[in-house]
Structure formats: C-alpha cells, structure tokens
Amino acid sequence: MAPPAFSSHAGFEDSAPWERLLVESGKLLLRCVREAWDQERLRTLRAEEKARAALEQGRERSAQAKKRSLLLTRQIRKAPTLAVDGTNNGGDDDRSDDVCGVCADGGQLLCCDSCPSTFHPECLAVEVPEDSSWVCHYCRCFLCDDGHGSLSTCRQCARNYHHHCRASVLDGHEIAPYCSKACNKIAVNLSNMVGGMISTGEDGYSWSLLKIQRDSGSSDPAALLKCNAKLAVALGVLDECFNPVKDRLTGIDMLHQAVYSLGSEFKRLRYEGFYTMVLEKDTEIISVALLRLHGTKLAEMPFAGTLPQYHRQGMMRRLVNAIDKVLESVQVENLVISAVDEAVDTWKKFGFVPVDPQLRDEAKRLSMVTIAGTILLQKPIVQQQVLPITEDELAFMEMRWPLCSFVDLLTGIASPQPPYADPIAAAVRGAGGGSGEA
C-alpha cells in the first residue's frame, strides 16, 4: 500500500506521510528511504570508479596496439589524427575516443584537437584538413562557429557560446548560465514541474517529471529525497526493460548515466541535463522515459520502457501523451527517438516518422546519445496556435457590457445592447423604470 493511501486509511490526510509513518522496528519510513538512497549513491560511486579503471585499462591496450601498428599509420598525419580500426595515433598519451560521436561506430576517425571527441568525416560531411588543426562542433561557439577564446556551456542544452556573441542576441536581458532566452525559459519551466504528480484524468494514473536533486541544503529535504528515491525505482524499471546498455569503450552503464545526469570526459557520454518521465498507477512506477531538451528545436528520448506485466495495455501511449504536453508547454518542436528496427512500426503508431534530412543534420551537431544500429525517428509536437487579436475583437472586449459573443455579433444572431437594457446597469445609471435612485 502506498504511504498516502496508508495514511488516509488511518484517518489522516497527510501531505508528508514518509515523515510520520513507522516500520515495525520503530524506525521512521523517511529514515529507511534515506538509508536506501545512501546505499544507491555508494553504488553509483563504485560504478563510476569501476568505469574509470576500465577506461584506463582500455587506453593501455590501445597504446600497445598503436605501437604495433605505428608503421601502418605513418602516412596519416598526427594533428588532427585519423584513427584506424578503432585506435588512435596521437601518441601514447592520446586520450581520444575510439568511436564516432555521431554513429557510435569505429573505423577511420577524425580527432578533435581540443577534446577527446572523434568523428567519421562523412558523418559530419566535412573534409579532412590537410595542414591545420581541427576542432569539433562541441568546442566551438554555436553562434559564430569559432573555437577561439573563452567558451561557456549552457546549463540547459550543453551548447558552448562566447559571452560577447550571446550578448548580441539578448538585448540587455540577463539569463545567467544559459545560451539564450529560450533555454532560460525552458529550464525555469521544467524546474517548476520537477517532483509534481500530475493526474492523466484516468482513475489512478499520474505522471511525474523527475531530475536528480544534489542540493543538500534544500529547504525541503524530504521532497528532495522522495524525488531521488523515485529516480532509483525508475532506474530499476529500465533495468528490467533492457539488456545491460553499456558503452563498449568505457564500460559505463548508459541508463545509470542518464537517470542520474552524470558527466564524462567524452562528450558523447556527457548525460547532464537528462530528465526522467514516469507513469504511475496507484503510485507504482510502471513506465519510464529519459528526456533531454536541446533548445526549442528538438528533445531526445533515447530510452523508454514499460514493465513486462503491463505490456499492451496502453501505458507507453499514456506516457508519450504526457511528454507531448510537457514539450508543448515549453514550445519544443520535435521529439526524436532512437528505435531498433523491429520497433519502428510500433513507434509509427504513436505518431513518429523517419527524421527529415534537415533535422538529422542539426542533430549530428548536438550532444545526443548515440546508439549503434538504431534508426532516428521524429514526432512533430503540435503547438497550439495563438491568433492575434483583431481591432474589432479588441473593441468588443472593451465594451462595458458585452451581452453576446463576438461570433454571434458578426453573424447577426445577436446585436449589442445599450447599457440600460441590463437591470444592474439601469439601477446604477438611473435609466430604469424607477425613480433613478440606486
């Protein structure tokens, strides 16, 4: 039984039941949840340490392979480096990635001189520079496409920008660590949604938008803990839905990385900014989707799943409908997913279509989750059109006593009536059949 239901059963409408319910040992339920979350954080730290150790071992093996293949790679220039067969030839201390940041596959890769990212030239549709250094799009200002100078990173969409470039489009508005007014607005609106439970309108069903809360000085530690505990449960649901999803180079658990919004030295594995959408039935989490917004152009949903016992009952459709509402509220235009081939037809029933070429090109230059062997699909988010008010409508709204609708007035069904036709107006103005005194 869910804590709110148990509290209600006991005769209390309690807004914070975790803080007052006891388990058999006499321990507060809130303390039990806090201890469980502390264990989860410890598990997270250990997983990160294990991933770092695996990465260092992989680099050692890569360095040995480079030495063996040095003669084969002398003809390829060193800066920027082209890596052959998944190994890089930038020296033994080279820290470049071994897979493409767009397609997540290996092969002959162009290495960024500013960060560890690597790409197939054909994935970015760029020519290999002959004699100058090359920096990837991650390391350039998205406004001027220049990689020189000090760059800041937008806290919402993770794009880099120069402060002087941003100032030219802000018109004097101050938006703190965001690249644009749009990203600032998105961050504020989503922050206001996090942790709330919204009913779907169906009996017992609700959805929540969650994000990891790291502020230990929060004014409401119980709410913070509840949000994080829900995330841990959501991760358990995804683990049950998917085979282990691990990056082949680093060994990083990609689901864990996204749910807890963790970073990485590899840009393609930097998952800060992820939100988790959950669908609940009587407070049981049954469907989960991971969501990250890249400005107003698109949001990505790389992973989504429903507990097996709830398959074919419309749960994912309910969750996708809720995601549509969230994206519409912040004016995001497209939802993009990575689908395996056998699931494409299912997603098309939800309104997804193959991604159009222009959006695909834009997505290549964003820090999106890359999953080899998947197909990109998009779902346009229908925005409610707000039509401008005409002069006639404005005049109608300014009428002191509009007793009909504007449409009725235009079609001749009704006509504007004088103020004295209304008994209240007549009493106020003294235009009624009485003495005129109110």
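1. Arg268 is a buried residue in this predicted model, with a relative accessible area of 5%. Arg268 forms a salt bridge with Asp97, and the closest N and O atoms of the two are 2.3 Å apart. This pair connects distant parts of the chain, the two residues being 171 residues apart. Asp97 lies in the loop between β1 (82-83) and β2 (109-111), while Arg268 lies in the loop between α8 (254-259) and β8 (275-281). Asp97 is likewise buried, at 2% relative accessibility.

2. The salt bridge between Arg140 and Asp145 has an N to O distance of 3.4 Å. Asp145, at 51% relative accessibility, counts as exposed, because the exposed class begins over 50%.

3. Lys27 and Glu35 also form a salt bridge, in which the closest N and O atoms are 3.1 Å apart. Glu35 is partly exposed, with a relative accessible area of 30%. Lys27 is partly exposed too, its relative accessible area being 24%.

4. As a point of context, a search of the whole structure finds 11 salt bridges. Those described above include the pair Asp97 and Arg268, the pair Arg140 and Asp145, and the pair Glu35 and Lys27.

Terms used: Residues numbered from 1 in each chain as written. Predicted model: local features only at pLDDT ≥ 70, side-chain atom pairs only at ≥ 80, totals over all residues. Heavy atoms only, no water. Salt bridge = Lys/Arg side-chain N within 4 Å of Asp/Glu carboxyl O. Buried < 20%, exposed > 50% of the residue type's maximum accessible area, 1.4 Å probe, protein only. Helix = DSSP H or I, 4+ residues; strand = E, 2+ residues; numbered from the N terminus.
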